[in-house]
Amino acid sequence: MAFAGSGKIWMNGSLVNWADARIHIASHVIHYGSGVFEGARCYATPKGSACFRLDAHIERLVNSAKIYRMDTPYTRASLEDAVLATIRANQFKACYIRPIVYRGYETLGVNPFPCPVDIAILSWEWGKYLGDDALEKGVDVKVSSWTRMAPNTLPSLAKSSANYANSALIKMEAISDGYAEGVALDAFGYVSEGSGENIFLVRNGVIYTPPLTASILPGITRDSVITLARDLGYRVREEMVPRELLYIADEVFFAGTAVEITPIRSVDKQQVGNGRRGPVTEALQRAFFDVINGDVPDTHGWLTYVYPAEAVLREPAKAVAGKGR
Ligand SMILES: Cc1ncc(COP(=O)(O)O)c(C=O)c1O
């Protein structure tokens, strides 16, 4: 199904119709991947629609742009406002949010400096990334034959469009081989992350996740899981994870904006634990969903409400536009 976008897109300060949000084929970003972007979510809570950790996503966007020497005239606060304005313009109750900062149309040399730094913010209604059952039943994954970017090649702390060429190779291999997702190792053979999500494992009651030095994106869901796990009294260790620890873990799960917290039930056809969602994964899912559903007080200040409470909104559509596989 073609991507069923609709509504308005914010482009360089103006809201334009989805169909009119075009850029020229000679834009630098198309040829050289010179874009940095974000993926955030807005959830429908009983108190109204709320973006989850919008400030952290905008901070990472600005950091990604800084790594790639892209100066923008927008402050973090004005970018947050632009995201909220885009959601309001579309009257979404719950949606996925995609801000992108990119090198636009000027020259086609590799040097990006002459090209303008343009910004767009898209939003759309997006369902469960790895399928409706995944949150409960878990997914089957393989360790990818593709390695994540080596240090000092493409910076993994930047959420750069260029990095997703690597993610696409991981994802295509996994799907072609019959798996939901691939897990990539870093250049030294340690576990890094999935094509679009961070990874955690649980062994003997302790939670492990690869550190930032394992070529991972510093995930905002990862940070939230670490915080919630410590709130719940678990020990969390950020340390290098040998591949074989995945096979002998009690539980393994992904964390990311798209997948939220998704259990992994097998790795390379080896069953993880008893092949079902484990108790720690379930406890963390519950803690996470309680926050994003507004069922518990937002003690960490993670929610940014979008509308005044009285706004009349339409329900999220059932269609899963742009589903990622
Ligand atoms: C490669 C990669 N790792 C990890 C993540 C998870 O990051 P976050 O929790 O901020 O969505 C993502 C998703 O953006 C990703 O693309």
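**Close-up views of a predicted model**

**View 1. The side chains of D140 and R265 meet in a salt bridge, 3.0 Å from N to O.** D140 belongs to strand β8 and R265 to strand β15 (residues 260-267), so this pair ties together parts that are 125 residues apart in sequence. Please keep in mind that this is a predicted model. Both partners are partly exposed: D140 has a relative accessible area of 26%, and R265 has 30%.

**View 2. K142 and D177 form a salt bridge, with 2.8 Å between the closest N and O atoms.** K142 sits in strand β8 and D177 in the loop between α5 and β9 (181-185), so the pair ties together parts that are 35 residues apart in sequence. K142 is buried, at 13% relative accessible area, whereas D177 is partly exposed, at 40%. Look for E173 as well: K142, E173 and D177 are linked in a network of salt bridges.

**View 3. R53 and D223 join their side chains in a salt bridge of 2.8 Å, N to O.** This pair links distant parts of the chain, with R53 in the loop between β5 (48-52) and α2 and D223 in helix α6, 170 residues apart. R53 counts as buried, with 11% relative accessibility, while D223 is partly exposed, with 34%. In the whole structure, a search finds 13 salt bridges.

View 4. Which side chain has an N or O atom 2.6 Å from an oxygen atom of the ligand? That side chain belongs to T257. An N or O atom in the side chain of R60 is 2.8 Å from a ligand oxygen, and a polar backbone atom of I220 is also 2.8 Å from an oxygen of the ligand. The protein covers 96% of the 380 Å² of accessible area that the ligand has on its own.

**View 5. S160 lies in the loop between β8 (139-147) and α5 (163-176).** Is S160 buried or exposed? With 1% relative accessibility, S160 counts as buried. A polar atom of the S160 side chain lies 3.1 Å from the backbone nitrogen of A162.

**View 6. I23, I25 and I30 make a nonpolar surface patch of about 280 Å².** Within this trio, I23 lies in the loop between β2 (14-17) and α1 (28-32). I23 counts as partly exposed, at 39% relative accessibility.

Note on methods: Residues are numbered from 1 along each chain as its sequence is written. This is a predicted model: local features need pLDDT of at least 70, side-chain atom pairs count only at pLDDT 80 or more; totals for chains, interfaces and linings use all residues. Side-chain values use heavy atoms; hydrogens and water are left out. A polar contact is a pair of N or O atoms within 3.5 Å; within protein, one must be able to donate a hydrogen and the other to accept it, and residues adjacent in sequence count only if both atoms are side-chain atoms. Accessible areas come from the Shrake-Rupley method with a 1.4 Å probe; for residues, only the protein chains shown count as cover. Patches are made of residues with over 30% relative accessible area and no salt bridge: like charges are joined within 9 Å, nonpolar side chains (Val, Leu, Ile, Met, Phe, Trp, Tyr) within 5 Å. A salt bridge is a side-chain nitrogen of Lys or Arg within 4 Å of a carboxyl oxygen of Asp or Glu. Helices (H or I, at least four residues) and strands (E, at least two) are DSSP runs, numbered from the N terminus. Buried means under 20% relative accessible area, exposed over 50%, partly exposed in between (1.4 Å probe, protein chains only).
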